[in-house]
Amino acid sequence: MARSTARKRALNTLYEADEKNQHILSLLEERVKEPGAQTPLPEYAIEIVRGVGERRNRIDKTLNRYSTGWKVGRMAVIDRNILRIAVWEMLLNDEIPDKVAIDEAIALAKMYSDDEAIAFIHGLLSAIMADKDACLAKFNGESQESGDEAAEPTTDTQE
């Protein structure tokens, strides 16, 4: 299955967890055990959801640091989850080039968001990419300070 399709499925799962205010990893576990009417989640979708779920606080702090005007808690649910996927791919998945992660995020935004959100997502991800070394250093430094695994719900990520 194409990675683009896996990203859509990951986005659906992250969106559902966010809307239900449910812990991402517990929802993932449910979806893996019991996919319901849908086909089972592709492996790459599982990898994305697990990666975002395990590091959501650090991802959200990164988004908050580079965002101008909108903190994660104020973003549209779909937009913040598109951004989470892209940041995970950019900072934690060496297999995906940064420009591909951004292009894929823009493609998702074109499907599910409005024109303003598309520009916002592009600008925010471009800023992170432009400052990637510093971003990674800060991101990895935060991983030493505290874990993300217990971090939920989304609303606690405003700085």
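**View 1. Arg3 in helix 1 of the predicted model.** Arg3 sits in helix 1. The model shown here and in the following views is predicted. Arg3 counts as partly exposed, because its relative accessibility is 33%. Leaving aside residues up to four places away in sequence, Arg3 touches Tyr44, Glu95 and Ile96. Arg3 and Tyr44 are 41 residues apart in sequence. In space, their C-alpha atoms are 6.8 Å apart.

**View 2. Helix 1 against helix 3.** Helix 1 covers residues 3–20. Its axis and that of helix 3 come within 8 Å. The two axes cross at roughly 45°, so helix 1 is oblique to helix 3. The crossing of helix 1 and helix 3 is right-handed. From helix 1, the contact takes in Arg3, Ala6, Arg7, Arg9, Ala10, Thr13 and Leu14. Helix 3 contributes Tyr44, Ala45, Ile48, Val49 and Val52. By class, eight residues of this contact are nonpolar, one is polar and three are charged.

**View 3. Asn21 and its backbone angle.** Asn21 belongs to the loop between helix 1 and helix 2 (24–33). Most residues other than glycine have a negative phi. Asn21 is not a glycine, yet its phi is positive, at about 55°. Is Asn21 buried or exposed? Asn21 counts as exposed, because its relative accessibility is 52%.

**View 4. The aromatic pair of Tyr44 and Trp88.** A pair of aromatic rings is described by the distance of the centres and the angle of the planes. The count of aromatic pairs comes to one. Tyr44 and Trp88 form a tilted pair. Their ring centres are 6.3 Å apart, and the planes make an angle of 55°. Tyr44 lies in helix 3 (residues 43–66) and Trp88 in helix 4, so the pair ties together parts that are 44 residues apart in sequence. Tyr44 is buried at 8% relative accessibility. Trp88 is also buried, with a relative accessible area of 4%. The cut-off for buried is under 20%.

**View 5. Helix 3 across helix 4.** Two packed helices are described by the angle between their axes and the distance between the axes. For helix 3 and helix 4, the axes come within 8 Å. They cross at roughly 95°, so helix 3 is roughly perpendicular to helix 4. On helix 3, the contact residues are Tyr44, Glu47, Ile48, Gly51, Val52, Arg55, Arg56, Ile59, Asp60, Thr62 and Leu63. On helix 4, they are Leu83, Arg84, Ile85, Val87, Trp88, Glu89, Leu91 and Leu92. Both members of the aromatic pair, Tyr44 and Trp88, are thus listed in this contact. The contact of helix 3 with helix 4 divides into eleven nonpolar, two polar and six charged residues.

**View 6. Ser67 in the loop between helix 3 and helix 4.** Ser67 is found in the loop that links these two helices. Ser67 is buried, with a relative accessible area of 7%. Which residues does Ser67 touch, not counting residues up to four places away in sequence? Ser67 touches Met75, Phe120 and Leu124. Ser67 and Leu124 are 57 residues apart along the chain. Their C-alpha atoms are separated by 6.0 Å.

**View 7. Helix 4 alongside helix 6.** Helix 4 spans residues 77–92 and helix 6 spans residues 115–130. The axes come within 11 Å and cross at roughly 25°. The angle is under 35 degrees, so helix 4 counts as roughly parallel to helix 6. This crossing of helix 4 and helix 6 is right-handed. Helix 4 supplies Asp79, Ile82, Leu83, Ala86, Val87 and Met90. Helix 6 supplies Ala117, Phe120, Ile121, Leu124, Leu125, Ile128 and Met129. Twelve of the contact residues are nonpolar, none is polar and one is charged. Phe120 and Leu124 are also among the residues touched by Ser67.

**View 8. The whole protein, for orientation.** The protein has seven helices and zero strands. From the N terminus on, the order of elements is α-α-α-α-α-α-α. Of the 159 residues, 47% are buried. Among contacts between residues at least 6 apart in sequence, 79% join residues at least 24 apart.

Notes. Residues are numbered from 1 along each chain as its sequence is written. This is a predicted model: local features need pLDDT of at least 70, side-chain atom pairs count only at pLDDT 80 or more; totals for chains, interfaces and linings use all residues. Side-chain values use heavy atoms; hydrogens and water are left out. Axes are lines fitted to C-alpha atoms, for helices over the stretch in contact, and angles run from 0 to 180 degrees between N-to-C directions. Helices (H or I, at least four residues) and strands (E, at least two) are DSSP runs, numbered from the N terminus. Angles under 35 degrees count as roughly parallel, over 145 as roughly antiparallel, 65 to 115 as roughly perpendicular and the rest as oblique. A crossing is left-handed if the near helix is turned anticlockwise from the far one by less than a right angle, and right-handed if clockwise. Contact means heavy atoms within 4.5 Å. Ala, Val, Leu, Ile, Met, Phe, Trp, Tyr, Cys and Pro count as nonpolar, Asp, Glu, Lys and Arg as charged, and the others, Gly among them, as polar. Rings of Phe, Tyr and Trp (its six-membered ring) pair if their centres lie within 6.5 Å; planes under 30 degrees apart count as stacked, over 60 as edge-to-face and the rest as tilted. Buried means under 20% relative accessible area, exposed over 50%, partly exposed in between (1.4 Å probe, protein chains only).
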